[in-house]
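Trainee: Before we look at any single feature, could you walk me through how such features are read from the coordinates?

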Amino acid sequence: MTSKIVSLLSLASRARKIISGSEMLIADLKSHKRKTKLIIMAQDTADSVKKEINFLANKYNIKVIEILTKEELGHYIGKEIRSVVGIIDENFKEGIEKLIERGVR
C-alpha cells in the first residue's frame, strides 16, 4: 500500500526532513519560523488532534494528506506510533504531492 509514498516518507525521515508527533508539529505550526510544508496524518488519529491540525493547516495553507494508520506511520519513519508527520523539505513535499496527484499508491 502506498509503496512509493512510503518510500519517500522513509527517505525524508532518514534525511531528517520531518517533524514527527502531534505536539512537535503543532508547536512548529504555531511558531513564526514555521518549517512544515506538508502534513501526513494517520487515518486513525484522534478527532481532537485532527481538528487542531486541520485548523492550523488551513490557517497557513498547508496541505494535509490522510494515509496509513498510526502504527504504520510510526513504523515507516523508524519511530513508535505517530499520529502526524510534517514534511519540512520542499523537494520531498513536491515528490509526495506528485504521487498523490497521479493516484500512485
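Mentor: Let us begin with burial: a residue is called buried under 20% relative accessible area, exposed over 50%, and partly exposed in between, with a 1.4 Å probe and protein chains only. This is a predicted model, in which local features need pLDDT of at least 70 and side-chain atom pairs count only at pLDDT 80 or more, whereas totals for chains, interfaces and linings use all residues. Residues are numbered from 1 along each chain as its sequence is written, and side-chain values use heavy atoms, with hydrogens and water left out.

Trainee: Which elements does the protein chain contain, and in what order do they run?

Mentor: Helices (H or I, at least four residues) and strands (E, at least two) are DSSP runs, numbered from the N terminus. The protein chain has five helices and four strands, and from the N terminus on they follow the order α-β-α-β-α-β-α-β-α.

Trainee: How should I read the overall dimensions of the protein chain?

Mentor: The radius of gyration is taken over C-alpha atoms, and the globule rule is 2.2 Å times the number of residues to the power 0.38. For 105 residues a compact globule would have a radius of gyration near 13 Å, and the 12 Å of the protein chain agrees with that. The C-alpha trace spans about 30 × 25 × 25 Å along its principal axes, and 43% of the 105 residues count as buried. Taking a contact as heavy atoms within 4.5 Å, among contacts between residues at least 6 apart in sequence, 76% join residues at least 24 apart.

Trainee: Which residues of helix H5 are buried, and which are exposed?

Mentor: The expected span of a helix is 1.5 Å times one less than its number of residues; helix H5 (residues 90-101), with 12 residues, reaches 16 Å from its first C-alpha to its last, close to the 16 Å expected. Within H5, the buried residues are Phe92, Lys93, Ile96, Glu97 and Leu99. They lie on the same side of H5 because they cover an arc of only 160° around the axis, the arc being that of the directions from the helix axis to the C-beta atoms. Asn91 and Glu101, on the other side of H5, are exposed. The cover over the buried residues of H5 includes helix H1 (3-14) and the strands S2 (38-41), S3 (63-66) and S4 (84-87).

Trainee: What caps the N-terminal end of H5?

Mentor: Aspartate 89 does, with a side-chain oxygen 3.0 Å from the backbone nitrogen of asparagine 91. Just after H5, glycine 103 takes a positive phi of about 75°.

Trainee: How many salt bridges does the structure hold?

Mentor: Side chains of opposite charge can pair when their charged atoms come close. A salt bridge is counted where a side-chain nitrogen of Lys or Arg is within 4 Å of a carboxyl oxygen of Asp or Glu, and the structure holds four. One of them joins the side chains of glutamate 52 and lysine 30 (3.4 Å, N to O). Glutamate 52 belongs to helix H3 (residues 47-59) and lysine 30 to helix H2 (residues 22-30), so this pair ties together parts that are 22 residues apart in sequence. Glutamate 52 is partly exposed at 32% relative accessibility, while lysine 30, at 51%, is exposed.

Trainee: Where do glutamate 97 and lysine 93 sit relative to each other?

Mentor: Glutamate 97 and lysine 93 are four residues apart in helix H5, which means that about one helical turn separates them. Their side chains meet in a salt bridge (3.1 Å, N to O), although glutamate 97 is buried at 14% relative accessibility and lysine 93 is buried at 16%. Salt bridges that share partners join Glu90, Lys93 and Glu97 into one network.

Trainee: Is isoleucine 87 buried or exposed, and which residues is it in contact with?

Mentor: Isoleucine 87, which lies in strand S4, counts as buried at 0% relative accessibility. Leaving aside neighbours within four places in sequence, isoleucine 87 is in contact with residues including Leu9, Ile18, Leu38, Ile40, Phe92, Lys93 and Ile96.

Notes:
A polar contact is a pair of N or O atoms within 3.5 Å; within protein, one must be able to donate a hydrogen and the other to accept it, and residues adjacent in sequence count only if both atoms are side-chain atoms.
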